[in-house]
Amino acid sequence: MSRPVTSSRRNGKTAEAFEKALADNLYYTRGQAIYTASPYDVYTTLAYTIRDYLMERWRKTVDTYFETNPKFVFYLSAEYLLGRQLTQNMLYTGTTELARQALKEYDFGLDELIEFDYEPGLGNGGLGRLAACFLDSLATLDIPCIGYGIRYEFGIFKQSFKDGWQVESPDEWLYYGTPWEFAQPDDMVEVGFGGYTQGYTDEQGNYRVRWLPGQTVLGEPFHTLVPGYKTNSVNLLRLWRARASKEFDFQLFDVGDYARAVHQKTFSENITKVLYPNDNTPQGKELRLKQQYFFVACSLQDIIRRYLVFNDSLEQLPEKAVIQLNDTHPVVAIPELMRILLDDYKFGWDQAWNVTTRMFAYTCHTLMPEALEKWPVDLFERLLPRHLEIIFEINSRFLNQVRTRFPNDEARVARMSIIEEGPEQQVRMAHLASVGCFSINGVAELQSKLLREKSMRDFADMWPEKFNNKTNGVTPRRFIRLANPRLADLITTTIGDGWLTDLEQLKQLEAHADSARFRRAWREVKQRNKEDLAAYILKHTGLKVDPNSLFDVMVKRLHEYKRQLLKALHIITLYNRIKANPDIEIIPRTFIFGAKAAPGYYMAKLIIKLINSLAEVVNNDPDVRNRLKVVFLPNFNVSLGEKIYPAADVSEQISMAGKEASGTGNMKFALNGALTTGTLDGANIEIRERVGEENFFLFGLTAEEAFNLKNQGYIPMDSYRLNPELKQAIDRIASGYFANGDQELFRPIVDSLLYHDEYLLLADYQSYIDCQDEVSRRYQYQESWTRMSILNTARCGFFSSDRSIRQYCQDIWQVQPVKTETE
């Protein structure tokens with residue numbers, strides 16, 4: 001088949017050519033007339049037109065990859081939070097102004113159409129957004145890559161509040177379809193579940209096993225183009241949708257059993273229906289394991305199919321492919337690749353294990369035990385019987401190695417076993433990853449250290465060469481250039497635009513931090529951004545906030561270890577001071593929250609209710625005189641984050657030390673000139689080292705101090721009794737003051753703090769209050785505050801996802817850039 005001809009109709013560089021392409025797509029792709037086109041029609045037409053520009057670059061990229069047969073990175077992640085695609089793709093194709101001019105013909109503004117660009121909620125938090133940043137950087141650095149994941153029909157829920165409580169509703173991102181994806185039904189693959197295994201002897205006399213699944217489903221891929229910035233490379237994100245192998249039973253339908261006639265379709269499609277079904281039930285656990293296996297089984301079949309187009313023997317697969325496992329969700333890929341090699345391609349065990357252990361690298365994103373997944377053995381046996389056999393064999397051979405390396409140490413053997421013994425045997429997925437991968441990396445220096453020394457210490461003792469750190473990063477294209485165009489323009493005017501692909505160039509801003517003119521321009525940018533956010537808050541919540549107040553921001557997933565509750569105690573403390581002395585001098589603050597709680601996480605949802613109830617009281621108390629305002633913005637996502645990060649004065653990164661893996665929100669805030677209030681946790685440590693301790697507000701126990709305090713027998717009630725302000729704050733909650741006199745509503749929070757305090761809020765309380773008092777004092781001096789803000793941005797160039805990916809390429813993946821040349 002001949003190559004498509006490059007057409008100026010599809011990618012012309014003039015306004016006239018763009019207008020013609022827009023009109024053609026309206027009629028021939030959208031099937032709509034200009035006279036009756038709705039705003040959504042015009043948005044979709046614009047998206048198709050921008051996509052055409054990307055398609056031409058993708059065609060050239062594919063040609064280049066076919067000609068060079070390079071080594072590929074295959075990135076497996078259960079989450080991707082891409083954000084809106086329209087603005088990014090216009091930036092990357094250089095068509096923003098062309099689009100703005102062309103749309104005048106249609107009487108629509110570009111900003112109006114951007115609101116139709118629905119954000120796919122295919123993730124829960126930082127894990128998914130990091131995956132999206134990494135795909136962006138891989139394309140920008142010309143690294144051949146395909147990202148694989150799940151095309152959830154309903155992503156992370158849409159959040160609203162009713163009487164202060166979180167209410168979840170479906171995220172119907174596919175209700176109208178999406179113009180950014182391409183369905184690929186010709187590439188469907190089959191995936192099995194359940195059934196049984198059967199041993200047999202092959203023609204060469206070798207013992208073999210075949211798996212006879214009890215159920216099969218089809219995986220249908222949809223791909224989305226992932227362009228690089230200022231390069232011709234366009235990679236792919238390939239997401240899998242589950243379909244029934246038999247969608248309709250005509251006989252059942254014909255006799256009137258309509259529900260059972262489509263049962264198989266419903267049963268199969270449930271696999272990719274919802275992001276992270278609640279796993280508090282056996283059915284939820286089963287569905288989650290099905291999701292994980294489904295997407296890695298589909299992806300591995302696709303990877304092998306692609307490899308065999310140009311290569312012969314799968315023994316050389318690791319020379320042309322490396323698979324990065326983004327956390328434990330895709331780790332079942334290890335026994336799946338072994339199954340394929342052993343059962344489908346008739347490899348011997350050692351031969352298959354040699355290939356497998358050179359294919360996989362594992363990123364551990366957590367130190368939280370519940371996130372280091374475990375699956376009941378009986379569930380594995382029921383869903384994936386062949387894989388459980390392989391896991392048992394991997395474990396048996398591995399434990400023999402352990403006994404050889406560490407003789408007479410059965411306690412170590414038990415700790416390291418992939419199978420956890422107990423009343424219910426469990427498969428420890430992080431252990432499986434540690435055994436089956438050639439690289440294990442953490443995502444910040446402290447977390448990587450704690451992985452080596454605590455969480456995975458036995459494995460680090462056995463294979464120290466496997467463990468390494470790759471501190472996370474974020475893409476400056478989205479989180480400065482698109483999110484904060486005013487700041488981006490100021491930076492570019494001052495130092496040029498090279499910083500967008502070499503973020504360390506931001507260091508050049510240091511020379512301007514002492515310029516009164518530059519500081520004034522910097523403050524004006526921040527003030528305009530705060531005014532924009534204040535207008536958004538008014539429009540979406542009805543609350544009027546003062547853009548001249550200090551914007552104190554905490555937006556992140558709601559979890560107790562992240563300590564949104566400590567922020568609430570700070571607000572209550574300030575409120576109590578005002579109630580004790582209404583004329584007290586206090587720096588006006590607007591406290592801005594954004595967070596979603598997992599639907600089954602009761603305590604997190606109760607904390608949201610407390611913060612909203614606190615807001616109701618504080619915002620309406622005449623004694624406060626608008627000096628404090630509290631707002632909890634609903635449905636925090638990437639797009640909302642892009643409005644919030646540029647407007648923040650203070651970034652709250654206050655997790656208990658030793659709990660946060662890295663954090664990337666801290667990087668987004670700092671790059672946009674917010675000052676961090678934080679503990680020595682995750683990437684906070686590296687941010688503080690780079691921006692300077694004088695430009696960072698530090699408080700709280702270190703990770704070592706926190707561990708020691710707990711080991712000594714921490715009694716939170718002692719902190720409560722000895723600290724009058726803390727006691728007053730907790731008593732205010734306990735009294736029912738924020739619950740219309742209901743003393744029972746927030747009792748679980750009070751009891752948790754006083755009798756458990758798992759995350760040491762009371763131990764860190766006074767240090768945090770003192771730190772916040774220092775923030776207020778320093779904020780009064782705007783010239784020095786602005787200087788600190790500039791230096792935060794200038795010194796955070798290290799936290800680019802481009803730098804992270806370069807390190808992965810060099811230290812783990814051993815891949816090289818492949819440039820796509822223009823014609």
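**Aromatic contacts in the model**

Phe398 has a relative accessibility of 1% and therefore counts as buried, since the cut-off for that class is under 20%. The value comes from a predicted model.

A pair of aromatic rings is described by how far apart the centres lie and by the angle between the planes. The structure contains 31 aromatic pairs. One of them joins Phe18 and Tyr53, with 5.9 Å from centre to centre and 35 degrees between the planes, a tilted arrangement. This pair links distant parts of the chain: Phe18 belongs to helix H2 (residues 15-29) and Tyr53 to helix H3 (residues 39-68), the two being 35 residues apart. Phe18 is buried, at a relative accessible area of 0%. Tyr53 is buried as well, at 4%.

Phe398 and Phe459 form a pair whose ring centres are 5.9 Å apart; the planes meet at 10 degrees, so the pair is stacked. Stacking requires planes under 30 degrees apart, which is why this pair qualifies. Here too distant parts of the chain are linked, with Phe398 in helix H16 (residues 385-405) and Phe459 in helix H20 (residues 457-462), 61 residues apart. Phe459, at 2% relative accessibility, counts as buried.

Ring pairs also build a cluster, made up of Tyr40, Tyr43, Phe116, Tyr175 and Tyr176.

Lysines lie over ring faces at two further sites. Lys454 sits over the face of Phe707, 4.8 Å from the ring centre. Lys668 is placed over the face of Phe479, at 4.5 Å from the ring centre.

Key: Residues numbered from 1 in each chain as written. Predicted model: local features only at pLDDT ≥ 70, side-chain atom pairs only at ≥ 80, totals over all residues. Heavy atoms only, no water. Phe/Tyr/Trp six-rings, centres within 6.5 Å; stacked < 30°, edge-to-face > 60°. Helix = DSSP H or I, 4+ residues; strand = E, 2+ residues; numbered from the N terminus. Buried < 20%, exposed > 50% of the residue type's maximum accessible area, 1.4 Å probe, protein only. Lys NZ or Arg CZ within 6 Å of the ring centre and 35° of its normal.
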